[in-house]
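Below is a set of questions on how terms are assigned, each answered by setting a value against its cut-off.

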Amino acid sequence: MVEFGGENYSQSRSILRFLGKKFNYYPRDDSKIGWKIDSLLDLNYDIDDKYWECHSVWGRHEKNKNQGREDHWPTKKDLDDRLNKYFEEEGPLYLTGLQNRIRENQGSEFLVGDDWTIADF
């Protein structure tokens, strides 16, 4: 939650875009640039979501283990399989997508265009 101008705002991505527009780090009228920024932000959230999903599996494993339920899902093998899938398949796929987007803006020190945007934060 963020208070701005006497009003409360919630939802981190919405707040980011709101403040970006307010302080000129997000386009008001260029939908293509807006898409480029949003797609990079979404890619970042996808990478994070998949990574933390692995930790969620680990948390359930530890809880079951502490309750003496090691025979219940998820097992250590389930955890290892999930981490391997992330590091061998999902992670490289997302990072390749990010690398390609960076290449699209080659010659600039920014992720989108020639100036700071919320994608650079």
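Q: What makes Phe23, Tyr25, Trp116 and Phe121 a nonpolar surface patch?
A: A patch takes residues with over 30% relative accessible area and no salt bridge, joining nonpolar side chains (Val, Leu, Ile, Met, Phe, Trp, Tyr) within 5 Å and like charges within 9 Å. Phe23, Tyr25, Trp116 and Phe121 make such a nonpolar patch of about 470 Å², with accessible areas from the Shrake-Rupley method and a 1.4 Å probe, where for residues only the protein chains shown count as cover. This is a predicted model, in which local features need pLDDT of at least 70 and side-chain atom pairs count only at pLDDT 80 or more, while totals for chains, interfaces and linings use all residues. Residues are numbered from 1 along each chain as its sequence is written, and side-chain values use heavy atoms, with hydrogens and water left out.

Q: Why is Tyr25 called partly exposed?
A: Buried means under 20% relative accessible area, exposed means over 50%, and partly exposed is in between (1.4 Å probe, protein chains only). Tyr25 has 31% relative accessibility, so it counts as partly exposed. Tyr25 lies in the loop between α1 (12-22) and α2 (31-66); helices are DSSP runs (H or I, at least four residues), numbered from the N terminus.

Q: What makes the lining of the largest pocket mainly a matter of one residue class, and which class is it?
A: Ala, Val, Leu, Ile, Met, Phe, Trp, Tyr, Cys and Pro count as nonpolar, Asp, Glu, Lys and Arg as charged, and the others, Gly among them, as polar. By these classes the lining has 11 nonpolar residues, one polar and no charged. Among the lining residues are Leu16, Asn44, Leu98 and Phe121, and α2 gives the most, with six residues.

Q: How do you know that Asp42 and Arg13 form a salt bridge?
A: The term requires a side-chain nitrogen of Lys or Arg within 4 Å of a carboxyl oxygen of Asp or Glu. The closest N and O atoms of Asp42 and Arg13 are 3.4 Å apart, and the pair forms a salt bridge. This pair links distant parts of the chain, with Asp42 in helix α2 and Arg13 in helix α1, 29 residues apart. Asp42 is at 35% relative accessibility and therefore counts as partly exposed; Arg13, at 34%, also counts as partly exposed.

Q: How do you know that Asp81 and Lys77 meet in a salt bridge, and where do they lie?
A: Their side chains come to 2.8 Å, N to O, and meet in a salt bridge. Both lie in helix α3 (residues 76-104), four residues apart, about one turn of the helix.

Q: Why is Lys77 called exposed, and why is Asp81 called partly exposed?
A: Lys77 has a relative accessible area of 55%, so it is exposed. Asp81 is at 39% and so counts as partly exposed.

Q: Is Glu90 buried or exposed, and how do you know?
A: Glu90 has a relative accessible area of 11%, so it is buried. The side chain of Glu90 meets that of Lys85 in a salt bridge (3.8 Å, N to O). Lys85, at 39% relative accessibility, counts as partly exposed. Arg82, Lys85 and Glu90 are linked in a network of salt bridges.

Q: Why is Gly97 called partly exposed?
A: Gly97 has a relative accessible area of 26%, so it is partly exposed. Gly97 is found in helix α3.

Notes. Helices (H or I, at least four residues) and strands (E, at least two) are DSSP runs, numbered from the N terminus. On a 1 Å grid over the protein atoms alone, a cavity is a set of points where a 1.4 Å probe fits but cannot get out, and a pocket is an open set with protein on both sides within 12 Å along at least five of seven lines; lining residues have an atom within 4 Å of a point.
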